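Here are a few friendly notes to read alongside the model. Take your time and find each residue as you go.

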Amino acid sequence: MTELMTSIEQIVRAAGDMMRRAFDAPDRPAYSLKGQQDYLTVTDGAVEQFVREQIAVRFPGDGVLGEEAGGAVDGPRLWIVDPIDGTANFARQIPHFCISLGLMVEGRIEAGAIYEPMHDELYIAERGKGAWLNGKPMRVSTIEELTAATVEVGWSTRIPVATYLTMAGKAAHAGCSVRRAGSGSLGLAYVAAGRTEGYAEPHINAWDVAAGLLLVTEAGGRINDFWANDGVRVGNEVLVTNAALAASLSALTGIRLAP
Ligand code: IPD
């Protein structure tokens, strides 16, 4: 493993330890609400601060864009971090959350990792070199019928409820098993790992998908051009799929896939 990938793994595993300790603490993670269904815990800020410190020491001069503290996005090398993706799950004692960390160089994600601490699952990828789950190569699933497919449709208060229901409804009517597990990053990782066939969301932020988009392409799947229209700053719609259902899921969701 390269020095870069070793650093990424060390950072996300240490961040995961912080989350696991907070999750298991007898007083449980205390939370506040930033808005409707928009949870925040002190651990989000603490983990992001830890990641920022690690990057400053290991990669001095690199920029950092984080969900909690923001950051400038104009330098050549940018780390994009969601300290806890699935914060609502974390706050409500549901063990389905992760850290997502991606490295963008000159506008392209070159490396990334998602670590899910409660099941000790490390998803990691480097451009052109593949994607691995706990050391085993990942491939997207080969399921080619919608009636056998599982698709996750993400939701947030940033979009109208009707938009979400239409997308989820179309997938359900087409015969898909539709789910929403509350972590967009893990939703993308699950497609890369072949556990589900697609993840779609009408709007999601860069920190939720920076690592996952690379995981999916390195595992042989398809993605939309999330970075178009200033996606790094303002977010965008997202669709990732296995290869076999790419055309069908693109038609169902109305989200065009990159070539
Ligand atoms: C959210 C989760 C959710 C997705 C939202 C995200 P957070 O991130 O990933 O599954 O649907 O778009 O904002 O708040 O848990 O970091």
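1. Let's begin with Thr196, which counts as buried because its relative accessibility is 3% (buried means under 20% relative accessible area, with a 1.4 Å probe and protein chains only). Thr196 sits in the loop between helix H5 (184-192) and strand E12 (198-204); helices (H or I, at least four residues) and strands (E, at least two) are DSSP runs, numbered from the N terminus.

2. Which residues does Thr196 contact, leaving aside its neighbours within four places in sequence? They are Thr150, Arg179, Gly187, Tyr190 and Val191, where contact means heavy atoms within 4.5 Å.

3. A word on the source: this is a predicted model, in which local features need pLDDT of at least 70 and side-chain atom pairs count only at pLDDT 80 or more, while totals for chains, interfaces and linings use all residues. Residues are numbered from 1 along each chain as its sequence is written, and side-chain values use heavy atoms, with hydrogens and water left out.

4. Now look at Helix H1 (3-24) and strand E7 (121-126): each gives at least two residues to the lining of the second largest pocket. On a 1 Å grid over the protein atoms alone, a pocket is an open set of points where a 1.4 Å probe fits, with protein on both sides within 12 Å along at least five of seven lines, and lining residues have an atom within 4 Å of a point.

5. Among the residues lining the second largest pocket are Met1, Glu9, Arg13 and Trp132.

Notes: Buried < 20%, exposed > 50% of the residue type's maximum accessible area, 1.4 Å probe, protein only.
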